[in-house]
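Morning, everyone. Please have a look at it first.

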Amino acid sequence: MKFAFYKQLDNMDCGATCLRIVARQHGKEYSINKLRRICETGKQGVTLAAISNAAEQIGFNTLEVRTTAEKIRTDPMPCILHWNNGHYVVLHKVSNPTSKVERSKFWIADPGSDDLMKLDADTFMSLWHGNQSNIGIAMLLETTPDFGKTEEEVEMNQDQNKEVSWNKLLGYLVQHKRYFFQIIIGLLAASLFQLLIPFLTQGIVDKGVNTQDVNFVYIALAAQFVLMLGRTIIDFSRQGILLYVSTHINLSLLTDFWKKLMRLPISYFDTKQTGDIMQRLGDQNRIERFLTGNSISTLFSMINLLVYSFVMLIYSIPVFMIFLCGSILYMLWISVFLKQRRKLNYKQFALASRENSATMELVHGMQEIKMHNAEKAFRWNWARMQRGLFDISFKNLSLSQIQNAGALFINEGKNLLVTGLVATAVIKGELTLGTMLAIQYILGALNSPVQQFTGFIQEFQDAKISLERLNEIHKEEDEKQSVNNAPQRSGGFGFRISKLDFGYQSGIEERVLKQINLDIPVGEVTAIVGMSGSGKTTLLKILQKFYDDKYKGTINILSGKQSDNELSSKGKELKQIVPKHWRESIGSVMQDGYIFNETIAGNIAVGVEEPDVERLEYAAKMANILSFIEELPLGFRTKIGLEGKGISMGQRQRILIARAVYKDPEILFFDEATNSLDANNEKVILENLQSFFKGRTVVVVAHRLSTVKNADKIVVLEHGEIVEEGTHQTLSLQKGKYYELVKNQLELGN
């Protein structure tokens, strides 16, 4: 096999050149200039994440793994390796993947060398593992149906067909066509072996038993044994190949599903239950099983059906006509129940979605349930859903029993008619006993494809329903993308909000924010206060692009250090900015901030493979949690439980603050960021943050007035409207709404 190879043209081009080599190995040519551009190659080269982004743009699915030389031998190739602590190479092939790793040879395309290299295991491991003893970093790549298409073709296809169609699903199968070719050859061979069995059976009876030729019987039995052994080996190999293909197709389907979910706007997840999304993950598995399971077997069963039908016609036309009429009646009977099964399937999906959500609620909310002695109420609610699922399952079972009883009656009735017909023919001397046995075997071989085909129809219906449910998500609009880039860093950003209206539901009376006109100055701290439900958090979320498609009015972005009276309404509109780019410029601490089942470092530097230690320590110091982390045996490498189990609410909140600081954003959004902290911790953190806030635009939502009293501007919201603006001193003197909010906390008197 010939392996692709290119030499890098520049010292920083190894990542882009590796991607070019992989694409060429898969049959597509890309210019190094294009790959260099989409890899965003700079003076420091590229990261593996940047190579992954570029690979996905040209139609690959990617996965970064940390693995061993022994395990990588069975992974998809070619793949890209992080080489010798600062370089990238392509691994094309490994010899002897099932023997000991020491016996393997590794074919490496190093764009920094002059030609392909064939390395022994020791050399390979020393260069790949680097300083670690047995672990190396690799990026696995597999093609998708979009691989090789131009950007225009991909965009056009997405615009014209947002749904997942059967043609697109078949594209997943085409990616593994060489494996399916092997499966097809195996099934054809198995069909041929099976076709010979009735003739051998007839020969044993008519030529062996009737003539008492024991040697012929032994030869025929030996032939049947060889055929059986051959079929067993073929089936064993076919199942292994199908497992490999189905696993990779399932991974591709799920990867594309998660890609779609992650392209949806944040507002989509406000209205969706977790159980609903989990049910759709199950739909992916159902579609994968249909594509790689019965669909392939049924295809070849139909071939067997045609072949055996032809053989049956040779043996007996009347028997074939009985089989044909019985099979048509059998399939008509099965089709009667499809509509009712479809209705039950939808009901079961909806109820199972609710039951999944209730189950997760029981697990995650057990502490609150027990604290309120509400165990029985929640258990009963769960049990009622289980009863509903049982009722639907029982209806499904009853329907299946009626369907199967009728099908069995039709099928067995047909078999009895055939048995009576051929037995009579044998008695009359019109057929031999061997021919009768052969006809019975062929009839069984004909019944199997018919039964399998009806099962295929039911699975097709289930897969079709699953596809419809998945397309409910795929039809959703992605977050709006634009050719406009994010504003360049130029001393921070501010906002000019004009006539902003927003409501989660339609209708004027449902508005949460009403005709908001507000300037948020560049590089200053703006605090938003008000009673619960006044719209503070909603306004903060809008500024973070949660609800771009729902609000009315304009939000202009102001760049550069400007004073209030210098703010210009000519800035770029918030809706025009790509969400991904915007989020690179902002940091936030929200009330419902999430703690991942990760290390402390992973929770502070979210999504960063190798966090910067100095930045971690600085962020932890700003959040006044560094001393706590340093006391832990594993320090920043200490793993926190799911959703912050094992740490206090205050520690959880300080980690969220450290996360925002580590990001080093130009704009900070704090929503009740210190409400779980004791007074001492809050005082230290606020003092630390004062220096961090310098030169940054900060928007703070808080009930504690100790958090907002030093803000450059305080905005008071009431029932979705701005009722006051000013500093703490001026608003306190006015003795208005702000004064009513703060007088008890700050002891301002009457």
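This is a predicted model: local features need pLDDT of at least 70, side-chain atom pairs count only at pLDDT 80 or more; totals for chains, interfaces and linings use all residues.

The patch is formed by F181, I184, I185, L188, I303 and V307, and together they have about 480 Å² of accessible area. Helix α8 gives the most to the patch, with four residues.

Take L188, which sits in α8. Its relative accessible area is 41%.

Which residues touch the most other members of the largest nonpolar core? They are I604, F636, F670, F693 and Y738, out of 46 residues in that core. Helix α22, residues 649–662, provides the largest share of the core, seven residues.

Leaving aside neighbours within four places in sequence, F636 is in contact with T599, I600, A601, I604, L616, E617, A620, L626 and I629. Another core lies apart from this one; it has 31 residues, including L500, L513, L543 and M590.

Last, P78. This residue is in the loop between α4 (69–72) and β2 (79–83). Is P78 buried or exposed? P78 is buried, because its relative accessibility is 4% and the cut-off for buried is under 20%. Beyond four places in sequence, P78 has contacts with V22, Q25, H26, V90, L91, H92 and L141. Between P78 and A4 there are 9.8 Å in space, C-alpha to C-alpha, though they are 74 residues apart in sequence.

Notes: Residues are numbered from 1 along each chain as its sequence is written. Side-chain values use heavy atoms; hydrogens and water are left out. Patches are made of residues with over 30% relative accessible area and no salt bridge: like charges are joined within 9 Å, nonpolar side chains (Val, Leu, Ile, Met, Phe, Trp, Tyr) within 5 Å. Accessible areas come from the Shrake-Rupley method with a 1.4 Å probe; for residues, only the protein chains shown count as cover. A salt bridge is a side-chain nitrogen of Lys or Arg within 4 Å of a carboxyl oxygen of Asp or Glu. Helices (H or I, at least four residues) and strands (E, at least two) are DSSP runs, numbered from the N terminus. Buried means under 20% relative accessible area, exposed over 50%, partly exposed in between (1.4 Å probe, protein chains only). A nonpolar core is a set of buried Ala, Val, Leu, Ile, Met, Phe, Trp, Tyr and Cys residues joined through side-chain atoms within 4.5 Å. Contact means heavy atoms within 4.5 Å.
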